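Subject: Structure handover

Hello,

Here is the structure you will be working with. Please open it next to this email and follow along.

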Amino acid sequence: MNLHFPRWAHSPFIFLFSLLILTGCGSDSSSSSDSSGYINFYNTSANSPDIYFTLDEDLDEDDDDEHEITYHSVGYAQSSGIYEVPKNEYFFELAWQDGDSSDRDDLAIVHESSIEIKDDMINFVVMDGDVSAPTIRHYDVEIIDDEEDDDDDLFNVQILNMRANDQGLDLYMSEDDETFNEAQLVGAFHYAELSDNMKFEQDSYVFYITEPGSDEVIYQSQDIDFPYSSQYILSLRYSDDEHSGIIMDKISLASLASYPDSQADANFKVFNAIKQHELLPDYNGTINFNLNSSQDLVFKESIMMGDFSEMFNIEKGDYSIYLTDQSETPILQNHLLTLNENSNKSVFLYLNEENVDHDGDGDVDEDGDGYVDEIEITINSLVVENSINQGIYDHQVRVINLVDHDDFNVVTVYFVRNDELIETTPLQATTSFANSSTIDLLNNTYQVFALTTIDSSDVILGSMELTLDENSGEKFILLQEDTSSLTGYSLTLLDQ
């Protein structure tokens with residue numbers, strides 16, 4: 001393998017990316033100073049909401065400071081990209097939006113301190129740990145310029161280990177057509193330490209992680225391209241708190257790309273929303289869920305109506321779903337389920353009725369008795385991604401619509417707070433039959449209404465109360481037909 005290993009670099013860098021000097025919520029961020037540096041904010045706090053960061057030249061001055069800027073919010077495992085700032089000492093503030101307004105004065109502060117922006121340096125700011133008491137780390141990253149360097153076919157990289165483990169880790173890399181057997185050791189990296197800069201030849205590489213001194217691979221990336229003589233930070237972190245999977249974030253000057261373990265297993269669970277029906281005489285409310293791979297049975301599980309299965313951990317791949325009733329009569333066959341590495345999904349199984357129009361004339365009541373002459377049923381599957389967010393201040397709610405009706409297709413779910421009405425709340429999620437939509441909600445108590453329009457009239461299909469707090473986690477709201485309900489429909493709250 002022809003790697004250029006490593007040469008420590010301390011020269012300035014020609015930017016191959018345009019620096020996005022984004023406009024924040026404060027004053028103009030453009031610099032009239034001859035000397036300037038840069039700031040890049042990286043959020044690795046797994047339970048944090050989106051975080052806004054502010055630079056303020058002087059807290060005692062009015063809001064018309066020349067440099068008082070609140071930048072766009074940065075979510076978990078995201079980077080702001082770099083901003084150019086006149087070199088100076090600044091007041092530094094991290095906050096989240098705990099209401100409808102994103103104005104600086106309305107944000108909830110989680111950290112405030114001072115920060116120095118140095119000439120031709122990037123102040124790389126990392127937020128880590130619990131967002132209610134985060135750890136803030138500052139790393140001075142030198143701007144690297146290869147203009148005067150003969151090695152213009154190299155790229156620059158630093159390693160940051162954000163995987164909380166006192167033992168550290170070993171990082172290896174190989175060319176993309178090689179294996180771990182051919183990989184070379186990049187280095188050993190301790191928690192929260194940013195390495196010196198290293199140079200490697202522009203190419204496509206695979207990265208491997210082991211425990212210190214071990215030859216057992218605990219992480220393997222997919223092929224990662226480095227086609228430019230650019231400057232990168234490779235950050236290594238856990239995928240979430242419940243699993244030990246590792247994710248590599250490739251942070252450039254203007255963007256971030258995440259690479260989960262290419263060999264990681266997938267996780268999924270199944271919800272039985274199949275209602276009993278006269279055309280399924282042997283279905284008593286419990287299905288036999290069979291998962292097959294290349295015609296071989298992987299496992300079989302019985303799931304009661306209205307219940308989730310356990311969470312299954314399985315090797316990534318393409319699988320087929322096969323369902324039977326209690327008499328082992330097939331009711332669904334060969335529905336594809338694709339499980340990518342490190343994915344987390346829910347499969348909703350449901351029944352759908354369709355009116356039969358044999359002659360295709362659009363008339364399903366040929367005898368004119370006021371009833372549909374014939375119906376047929378199908379069993380279908382809806383696969384959605386589960387959120388693995390661990391937020392304590394806000395939560396994702398995914399609305400699943402399993403109602404198919406001739407008079408309407410689209411349903412809007414409204415989340416109404418104590419001082420609002422349906423027509424005044426800005427919090428709503430709209431979805432059609434067999435689809436889903438998501439909304440992020442702050443901790444609060446909401447009156448939830450599912451509405452549709454029938455013959456120009458707004459109709460409430462279902463309602464419920466939803467209370468979210470720090471322990472709520474991520475939620476599903478499932479809209480289904482319900483003959484026991486006064487409206488004929490109901491909303492069900494489920495954990496993602």
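Below are the notes on what was found, from the whole chain down to single residues.

This is a predicted model, in which local features need pLDDT of at least 70 and side-chain atom pairs count only at pLDDT 80 or more, while totals for chains, interfaces and linings use all residues. Residues are numbered from 1 along each chain as its sequence is written, and side-chain values use heavy atoms, with hydrogens and water left out.

**Overall**

The protein has 0 helices and 34 strands. Both are DSSP runs, numbered from the N terminus: helices are H or I with at least four residues, strands are E with at least two. Buried residues make up 51% of the 496 residues. Buried means under 20% relative accessible area, exposed means over 50%, and partly exposed lies in between (1.4 Å probe, protein chains only). Now take contacts between residues at least 6 apart in sequence: 65% of them join residues at least 24 apart. A contact means heavy atoms within 4.5 Å.

**Strand E16 and its partners**

Start with strand E16, residues 231-238. Of its 8 residues, 7 are buried. E16 pairs with strand E9 (residues 154-161) in the parallel sense, over 6 bridges. Two strands pair if DSSP finds at least two bridges between them. Here asparagine 156 stands opposite glutamine 231 of E16. E16 is also joined to strand E17 (residues 246-251) by 6 bridges, and these two run antiparallel. Arginine 237 has isoleucine 247 of E17 as its bridge partner.

**Cavities**

The structure holds 2 cavities of 30 Å³ or more. The search uses a 1 Å grid over the protein atoms alone. A cavity is a set of points where a 1.4 Å probe fits but cannot get out. A pocket is an open set with protein on both sides within 12 Å along at least five of seven lines. Lining residues have an atom within 4 Å of a point. Grid points are joined across faces, edges and corners, and a volume is the space filled by probe spheres set on the points.

The largest cavity has a volume of about 80 Å³. E16 gives the largest share of its lining, 3 residues. The lining includes Gln231, Tyr232 and Ile233. By class, this lining has 8 nonpolar, 3 polar and no charged residues. Ala, Val, Leu, Ile, Met, Phe, Trp, Tyr, Cys and Pro count as nonpolar; Asp, Glu, Lys and Arg as charged; the others, Gly among them, as polar.

The second largest cavity has a volume of about 30 Å³. E9 gives the most to its lining, with 3 residues. Phe155, Val157, Ile159 and Leu234 are among the lining residues. The lining divides into 9 nonpolar, no polar and no charged residues.

The largest pocket has a volume of about 1,000 Å³. Of the 42 residues that line it, Asp50, Gly75, Tyr76, Ser387 and Asn389 are the closest to its centre. Its lining divides into 15 nonpolar, 17 polar and 10 charged residues.

The second largest pocket has a volume of about 760 Å³. It is lined by 27 residues. Strand E25 (344-355) supplies the largest share of them, 6 residues.

**Serine 45**

Serine 45 lies in the loop between strand E1 (36-44) and strand E2 (51-56). Is serine 45 buried or exposed? It counts as buried, because its relative accessibility is 0%. Its side chain reaches the backbone nitrogen of valine 131 at 3.4 Å. Leaving out residues up to four places away in sequence, serine 45 touches Tyr76, Met127, Asp128, Gly129, Asp130 and Val131.

**Positive phi angles**

Glutamate 328 has a positive phi of about 70°, although it is not a glycine. This residue is in the loop between strand E23 (317-324) and strand E24 (330-339). Glutamate 328 counts as partly exposed because its relative accessibility is 41%.

Aspartate 455, also not a glycine, has a positive phi near 50°. Its place is the loop between strand E31 (444-454) and strand E32 (457-468). Aspartate 455 counts as exposed because its relative accessibility is 71%.

Best wishes

Note on methods. Polar contact = N/O pair within 3.5 Å; in protein donor to acceptor, adjacent residues only side chain to side chain.
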